[in-house]
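Welcome! Have the sequence and the structure open as you go.

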4 protein chains.
Amino acid sequence: MLAQFPPMGWNSWDCYGAAVDEATVRKNADYMAAHLKQFGWEYIVVDIQWYQPTATSHDYVPFAPLCMDEYGRLQPAENRFPSAAGGKGFQPLADYVHSLGLKFGIHIMRGLPRMAAHRQLPILDSPLRCDQAAKGNSICMWNPDMYGLNCETEVNGVLPGKAYYDSIFRMYAQWGVDFVKCDDIAREYPQCEKEIETISEAARNCGRDIVLSLSPGPAPLEKAEHLKRYANMWRITDDFWDDWRALHAMFDRAEKWCIHAGPGHWPDADMLPIGALRQCTNPDDWTHFTIPELTTMMTLWSMMRSPLMIGGELTKMDEESLRLLCNADVLAIQKTTACAHPLYRMESTCVWVAPEVNGSGLYVALFNLTDDPLVISVTADEIQHPISAARELWSGETAEDILISGLPPHGAAVWKVE
Amino acid sequence: MLAQFPPMGWNSWDCYGAAVDEATVRKNADYMAAHLKQFGWEYIVVDIQWYQPTATSHDYVPFAPLCMDEYGRLQPAENRFPSAAGGKGFQPLADYVHSLGLKFGIHIMRGLPRMAAHRQLPILDSPLRCDQAAKGNSICMWNPDMYGLNCETEVNGVLPGKAYYDSIFRMYAQWGVDFVKCDDIAREYPQCEKEIETISEAARNCGRDIVLSLSPGPAPLEKAEHLKRYANMWRITDDFWDDWRALHAMFDRAEKWCIHAGPGHWPDADMLPIGALRQCTNPDDWTHFTIPELTTMMTLWSMMRSPLMIGGELTKMDEESLRLLCNADVLAIQKTTACAHPLYRMESTCVWVAPEVNGSGLYVALFNLTDDPLVISVTADEIQHPISAARELWSGETAEDILISGLPPHGAAVWKVE
Amino acid sequence: MLAQFPPMGWNSWDCYGAAVDEATVRKNADYMAAHLKQFGWEYIVVDIQWYQPTATSHDYVPFAPLCMDEYGRLQPAENRFPSAAGGKGFQPLADYVHSLGLKFGIHIMRGLPRMAAHRQLPILDSPLRCDQAAKGNSICMWNPDMYGLNCETEVNGVLPGKAYYDSIFRMYAQWGVDFVKCDDIAREYPQCEKEIETISEAARNCGRDIVLSLSPGPAPLEKAEHLKRYANMWRITDDFWDDWRALHAMFDRAEKWCIHAGPGHWPDADMLPIGALRQCTNPDDWTHFTIPELTTMMTLWSMMRSPLMIGGELTKMDEESLRLLCNADVLAIQKTTACAHPLYRMESTCVWVAPEVNGSGLYVALFNLTDDPLVISVTADEIQHPISAARELWSGETAEDILISGLPPHGAAVWKVE
Amino acid sequence: MLAQFPPMGWNSWDCYGAAVDEATVRKNADYMAAHLKQFGWEYIVVDIQWYQPTATSHDYVPFAPLCMDEYGRLQPAENRFPSAAGGKGFQPLADYVHSLGLKFGIHIMRGLPRMAAHRQLPILDSPLRCDQAAKGNSICMWNPDMYGLNCETEVNGVLPGKAYYDSIFRMYAQWGVDFVKCDDIAREYPQCEKEIETISEAARNCGRDIVLSLSPGPAPLEKAEHLKRYANMWRITDDFWDDWRALHAMFDRAEKWCIHAGPGHWPDADMLPIGALRQCTNPDDWTHFTIPELTTMMTLWSMMRSPLMIGGELTKMDEESLRLLCNADVLAIQKTTACAHPLYRMESTCVWVAPEVNGSGLYVALFNLTDDPLVISVTADEIQHPISAARELWSGETAEDILISGLPPHGAAVWKVE
């Protein structure tokens, strides 16, 4: 089963915006192979606008010409990804990532390039042209690259959107892509419902296992079953950054979505803004989160079984960050539990529980939502589980009766009760 | 802990409306003691308007005089509850129920009798009168008996609502009441938030363990934490009756509330309309649910850990009904699991899972939501749990690999996977 | 036709709240006859709770016993209205008002006294009792006196609400009442739609011309045609007091309602808080409105043809107030125009126009909505009317070309263009 | 003052959709000059997509190449407008229309051609390019031609949208355009508020009097003052066609907007679908409206003072249609009244009144909204105006007391009361 557990990896967006390049990807892949792979981290994902030669930041340049082939399929900008020269696309880079024992992912926008429609380019292996597949009024509100596709009505017996999506996913399969993050789609219900299904079908039929991730959030909760059926992960919030208010707001989202996490389908709380961030515009930038906040983030993402995609530059990680990213006991939660959910969520505190699926252990996470230090305790009665042997996974502390943690502002603890 | 597990019992409403009498209560208690107690059934609850002498059906008589003492406290109508004669209230009946090894519950409306306010009666052990505690604009929209109480603003240093609620709960404790179902309150947020807290406090301080149940639903989901803190159970729907549409609609409610079920606080899917119903107006009436629908109801209520309150006349139960009410394997789900939730809910099918808390077993319930027979199957991958030995709890069927059930229209199965 | 023009009079509420008494009514009537009648002022209206013996302010005493006859019909409290002694009701006071050449009005709450229902009193000239006419869940949210009536469903062939309303309106006719302000009803759509119709019918069939006024506002705009059909005037806002924000907000209301003003049916902007106010609690109190604000109020009410009901104590009126209340040129607007409406309403200024119906004159009102002095001008092109002779009605200023007024903060001018 | 009265003319849309051509325009202009001009009809308006060479119907061809000059300014397709050859644009056609004593109008979409942005064409007399003025996410939902413009933020000290709009309006002035119907804008509040202001400014500054009309509706009522300030007319509904339901729905719109009609600013009820319609796809097509419905339409549009734009092919008008279009007494309403509004609007009937501005006459329109014949009457009391001499303007019938009209289903009458 694809995405049996929540995917773990690195994504270029938080550091490099629309301007990531091949050298950067390679060095992060090298680092992951050397230091993180052993803990389960495996995906290297190239985020948005790898086909735009002049991108330099998190911003988009309206109407900038994009690199594409004669079938309207976007290609890596060779000035940024030299190994793509000669029409090889991402195949050489994917090969390299695979050679490290890792997996390779890319970002796409739903649809086809606007210029491919205006130029009336043909769709590969199809009698139709791009202008017949594009919907002139289906655009992204925050990015000027694409037109969305007609996935509802056949033209001359062919579903135009399917023809185009099949043409690009076959190319991705050929390149060796293992993961596609499709953007401008997860919150575009109901108008993109069929487009999601068509993309999902293209991914499943392309001849290679490709994990399908949908962005941006918030995806609508009432479409949970549709998302579970057609995607492997989907965003539950708008872009998440290193701001306590955003982290605090995630508790509400996590509570609403927790019952929908399971093998093959994962609500996604977005990338982890940890370590060096925003490198394309400020090489000295660092996450604004405190260590307790990062602990809360790692604990919550683990308990709710969100995918884990590191946003920081890997080669600049410090010891503290690595300690948070490589705690095998915490990372085990995602592989061994099911049915996690909040025990309660008050204004000042929140407690989550997650039972082991093939054992009688119980994970109990304690969160301090206030701006002050706080002691939080949980009894056996409350968790409906005897407490004879328990261990806190960040500190190693043990307990034999009641779980008590003194937590710094915005901090967290997570106990394993045997 | 009060209500460590979801309460189980019998309630007079579905059969006797506003017109239940002492003889009926006694015979149902006798039957429960003889046939159901051994399976965990224990509460005998007298529902609405036991203080109204002329009630004969599920309807209310506007402005009918109510039985009350000189402190505006409602008393059982002696023509209906003879043992209450001489000011003894429900004490003799409660004693009888206790003598059978069972527990005794009553229904109340929030507030005090309108006539007690208009007559300006004193509140027992308080310097205030009923007209000082009542809010003239706080009424029930569907029952004409009461005015709600001022639980927000002190009068002469006394909180009037607290004075009155303390006066009645002390009387209930003296009577031997174990369970109070307070009505016209669970969906009355935000205006009754303080009144809920005041009633909860009165129940906790009255000197006797009294389970507090709030009606009617739907209680607002966003008040889950308030309800968990101040009540032992609360209704999540309007009155539930024997109609497939109502049963079908419960799946959505159950999904939204499931994460809030736990020791001491239980979302309540309402009484079980099984067996002989509406006896006050039609002694020949019988539930309109089919056996598969009743199976679905018992399975869903058990998985979601709803309280179980039988609505049918116990002395008329047939073998088939008893089979559904007394399946020890199914009833065990409520005592041994936590964190139940839907695996998925599609238009035609729904699957719930519930892990054992002190073991590695997993309960898996399969529901056919269509009007046709249907075969539903579940794999080990989907439930994230190996399937080597599994047993269906209604039929005894076993499985060793994949869970498959052929289900009649609206039917259900529930497997225990070891 | 009843209420051919917007009614003009005095109402006791702004000065005396629930506590007005006979002496006060008489002296205000005397004053009106002597000083205001010649300008068209004619109604003397006794506002709320004339039947409550202990009222002393604008507040209500919950569950206070009310004066009523053996048919549940409220009667003037004799300690406050001595001439009502001996069951004569308001007849002696009405006679007195009539003797001055004025008209007499009273306030009522929709419904019947709660105690009349609880006591199960008979309805005069009807086989039904009050408890059969009252709806136990139809109450006023801000006053504890009454239950609303069943005007939808017959009981034993009789419409209970009609029986009761007929019984009180026949009594009012006998007393000599010319105007009834019915409260707790104008914004209670849709639940009171039938009750409005029943009251309207009772007023029309009672044997005397009684103007029917509905309160409180805001009445719903989408019910304009229903209101026009069943009432002579209805409130378009909540209670209006001497606060600029309330006066400023009236422009929006006036704009929405203006097309619905016409013979027999008048949108009502509420009483005029001018002069001495709140006398029951503070005999030294005076309107907080400035003279320019009072000018704006009188101008807007006149242009939109709102009923004019003075709220201040008449005997304390000063010269400035009388000048505003007795400008015959301004008061003529209500008798000679139709189709008034705003020409435009910007953030800082507003201009209204009102054409004469039997002539070619045009009234043009200019409003300064800002907190600063402002010069506002209007051209012939804008008003689609030549300007050869124009006169400002408050100042007497004239113009022959363009209308220009220098206005103080919150001030107004109104020109008549011949 | 521009548009002192509601504009009257002919528009090509109802007959020719996106496919109107020069010959058609000329023959309709000829007809208007010969038969309609004398009644006040004067505008000849070329509707949408005169720049698209392949348009043949009311549909749009996505991504079809459009005729434009090197500055991204759309030009008439020469295959459809031969006189535009040689870069002369609409000047020759405008000259011809002017030679007949008529005025010439065109339709535009807000924004600039998408291809002009993608091609990065320069803006005439500006340092900026089209891609710097276009907003990539500002599109029309129903037409694929244009991108909306940045009218909010300066680029290099220049407001890009203003630069482009100035460049096209100067060209229109040079061509001799008298009327511009700007589309995709009137209901696009708030996002197009600044764009409306910029277009309005360009029209006022272009050196020629150009009436500005905004489409499509419904424009938001709460923006009435903004529309009055920046446009001469604006649509109050979506496209209006020959369907009774649409005509019936106009009464509600007319009621809401009536107070906002006045010199220079006119709420627009859309074109008049009378006579031969949809000629581009069906030369035999004819309006589906009955004569009474057309009478209702002409009466309501006249009373509410909507602009009057004929939608039918003029050369095919029959006698009955001409009778409706050329009733001088009815057409006079728009020139001589103000302050029109409904007297009432019930489910079955509606009555409007409109006073003369420089006289004491009153127009009274009676509408039968039912599917059956109906007699409607109006009294002097109701209209607040004596009825001594009155004439019905469609039939010539007279009255001296009460206005009574027997109306066919969906029919209307309009009386002038002297």
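**Exercise 1.** Count the residue pairs in polar contact and the salt bridges between chain C and chain B.

*Solution.* Start with the polar contacts, pairs of N or O atoms within 3.5 Å; within protein, one atom must be able to donate a hydrogen and the other to accept it, and residues adjacent in sequence count only if both atoms are side-chain atoms. Between chain C and chain B there are eight such residue pairs, both residues being at pLDDT 80 or more. Next come salt bridges (a side-chain nitrogen of Lys or Arg within 4 Å of a carboxyl oxygen of Asp or Glu); the count here is zero.

A note on conventions: this is a predicted model, in which local features need pLDDT of at least 70, side-chain atom pairs count only at pLDDT 80 or more, and totals for chains, interfaces and linings use all residues. Residues are numbered from 1 along each chain as its sequence is written, chains are lettered from A in the order in which they are written, and side-chain values use heavy atoms, with hydrogens and water left out.

**Exercise 2.** By what turn and shift can chain C be laid on chain B?

*Solution.* Superpose by least squares on the C-alpha atoms of residues with pLDDT of at least 70 in both copies. A turn of 180 degrees with a shift of 0.0 Å along the axis gives an RMSD of 0.0 Å. The two copies are therefore related as by a two-fold rotation axis.

**Exercise 3.** Now turn to chain A: how many salt bridges cross from domain 1 to domain 2?

*Solution.* First take the bounds, which come from an automatic or database domain assignment: domain 1 is 8–336 and domain 2 is 341–417. The salt-bridge rule finds three across the interface of these domains of chain A. Separately, the side chains of R345(A) and D252(A) meet in a salt bridge at 2.9 Å, N to O. The domains also share 10 residue pairs in polar contact.
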